[in-house]
Amino acid sequence: MRAVRYDAFRQQPRIEQLPDPACPPRGAVVDVHATGVCRSDWHAWQGHDDSVVLPHVPGHEFAGVVRSVGPEVTRFTPGDRVTAPFILSCGRCEQCLAGNGQVCPDQQQPGFDLPGSYAEQVVVIEADHNLVALPAEIDMVAAAGLGCRFGTAFHAVRSQARLQEGECLVVLGCGGVGLSVIQIARAIGARVLAVDVSPGALEAARRLGAEPVPTTPDESADVLVGRLLEASGGGADVTIDALGSARTARIGLRSLRPRGRHVQVGLLLGEDADPALPMGLVIGLELQVLGSHGLAVGEYRELLEEIASGHLDPGATVGTVIGLEDLPDALVGLGGVPASAGMTVARIG
Ligand SMILES: [Zn+2]
Ligand SMILES: [Zn+2]
C-alpha cells in the first residue's frame, strides 16, 4: 500500500510503498477513503508526543470500508462503511465498561502509537468494540472528522460543557475543532462568540452562526478578557479552548461568569504543558475546569442521529479537499496560520 511516512521528526514526510498491514485476530483492516489533517498530527511530527516510534505513518481521523477482519470479529464484515474514534480502547476495563473508553488506560491511537491513516489501509484494534458503522448517506470526506475533530467537539460541548439553549459560549480558536464546536453549539441554541487571529477562520465561524471576535497574537490578555466580558454581558456561561495554549486556557477561565464552565480541548504541549491557571478565581467564582479528550465510542449513536436528522452537518466544517500525494506538504504546513478556513481532508483511493 501507499502511505505517508517520516523517518525523523521535523523531516519532510514522503510517500512510500509499504507492505499491507496484517490483521490482528480481534482487529480489522480498513481501506481508508478519507483522512483528516489535524494539528495533533503536526505535534507528533514535531516530536511532541512520546508515544510515536520512528519511522512513523501519521493520521488519526478517517473514514473507509472494511477490507478484512480477524477470526474473532463478529459484528463487522468486509464492505462495511466505518469510522472509529482516534482513541481505540480495550473494551474490557472498568472505564470501557462504564462507557468511558476515551479515558481507557489501555488505549492505543492510530497515528501516534499505532501506524496511522495517511495511508491506503489502517488497522483498527478490538474492531467489534471500536468500529462505528456509517450510514450510507454520510459522505466519506464529511465522515473523516468524526474520528477526531468533529467527534471531539461533540463530546466537549454536549458531554463535558453540557451547554444549554440560551447560554453564551466563547470558543477560543476557530480551526477544525473550533468550527465544529460552533456548529454543535448553535444547533443547541446557544449564543457563540468566536475568537481567532485569522480573518478566514472568523469568516467561516460567522457563516456557522457565531459572532466573530477578531484578535491579534500580541493583544494583551487583559484587553481581550475585558472585551469578552463586555460582549457576553458579564461573562460567558461556557468557554472552550479549542486552540490549546497557556494563554488561551487562562483567557478562557477569566472570561467566565460566576459558576461558569471552562472546557480544555486543545492539547497543552511543550512549554504550555503545565500552565499557571487563576485558581483563586476558580474558588471565588465557583468555576468548573473540565478536560475533554476525544469521544467515547458509545456517543456515536447520538452523533450519527443528529447528522441523519440534519441538525448537524460535519461536511460544512470541511474547507479543503486534497489527495494522498498532497498530505506531506499539508502536514508540514499545519505549523503556520492556515491559508484557508475549515478542515483539510484528503480523499484516498
Ligand atoms: Zn478499556
Ligand atoms: Zn485530531
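Leaving aside its neighbours within four places in sequence, with which residues is E16 in contact? In this predicted model, E16 is part of strand β2, which covers residues 14–17, and the residues that E16 contacts beyond those neighbours are M1, R2, A3 and R5. The side chain of E16 also makes a polar contact of 3.2 Å with the side chain of R14. Because its relative accessible area is 18%, and the cut-off for burial is under 20%, E16 counts as buried.

At the level of the whole protein, the structure is divided into domain 1, made of residues 2–148 + 295–347, and domain 2, made of residues 150–291. The C-alpha centres of the two domains lie 26 Å apart, and 23 residues of domain 1 are in contact with 20 residues of domain 2. Between domain 1 and domain 2, an area of about 1,800 Å² is buried, and carbon and sulfur atoms give 67% of this area. On the side of domain 1, E299, L312 and T317 supply 24% of the area buried against domain 2, which is more than any other three residues supply.

Polar interactions also link the domains, with 8 residue pairs in polar contact and 2 salt bridges counted between domain 1 and domain 2. The elements that give two or more residues to the side of domain 1 touching domain 2 are α1 and α11, and the largest share, 3 residues, comes from α11. When this side of domain 1 is sorted by class, it has 11 nonpolar, 8 polar and 4 charged residues. Within helix α1, which spans residues 39–46, lies H43, a residue that counts as buried because its relative accessibility is 15%. Apart from residues up to four places away in sequence, H43 touches H48, D49 and L269.

Side chains of opposite charge can pair when their charged atoms come close. A search of the whole structure finds 19 salt bridges, one of which joins E302 to R158, with the closest N and O atoms 2.5 Å apart. Since E302 lies in helix α11 and R158 in helix α5, this pair ties together parts that are 144 residues apart in sequence. Both partners are partly exposed, E302 at 40% relative accessibility and R158 with a relative accessible area of 22%.

Helix α5 itself, formed by residues 149–160, is largely enclosed by the rest of the structure, because 9 of its 12 residues are buried. Among these buried residues are F150, F154 and V157, and the elements that cover the buried residues of α5 include β3, α6, β11, β12, α11 and β15. After α5 comes R162, whose phi is positive, near 50°.

Because R261 lies in β12 and E167 in the loop between α5 and β8, the pair ties together parts that are 94 residues apart in sequence. Both R261 and E167 are buried. In a further salt bridge, the side chains of E219 and R227 meet at 2.9 Å, N to O; here E219 is buried, with a relative accessible area of 15%, whereas R227 is partly exposed at 33%. Finally, R26, E72, R92 and E126 are joined into one network by salt bridges that share partners.

Key. Residues are numbered from 1 along each chain as its sequence is written. Chains are lettered from A and ligands numbered from 1 in the order in which they are written. This is a predicted model: local features need pLDDT of at least 70, side-chain atom pairs count only at pLDDT 80 or more; totals for chains, interfaces and linings use all residues. Side-chain values use heavy atoms; hydrogens and water are left out. Helices (H or I, at least four residues) and strands (E, at least two) are DSSP runs, numbered from the N terminus. Buried means under 20% relative accessible area, exposed over 50%, partly exposed in between (1.4 Å probe, protein chains only). Contact means heavy atoms within 4.5 Å. Domain bounds come from an automatic or database domain assignment. Buried area is the accessible area (1.4 Å probe) that two parts lose on being put together, summed over both. A salt bridge is a side-chain nitrogen of Lys or Arg within 4 Å of a carboxyl oxygen of Asp or Glu. A polar contact is a pair of N or O atoms within 3.5 Å; within protein, one must be able to donate a hydrogen and the other to accept it, and residues adjacent in sequence count only if both atoms are side-chain atoms. Ala, Val, Leu, Ile, Met, Phe, Trp, Tyr, Cys and Pro count as nonpolar, Asp, Glu, Lys and Arg as charged, and the others, Gly among them, as polar.
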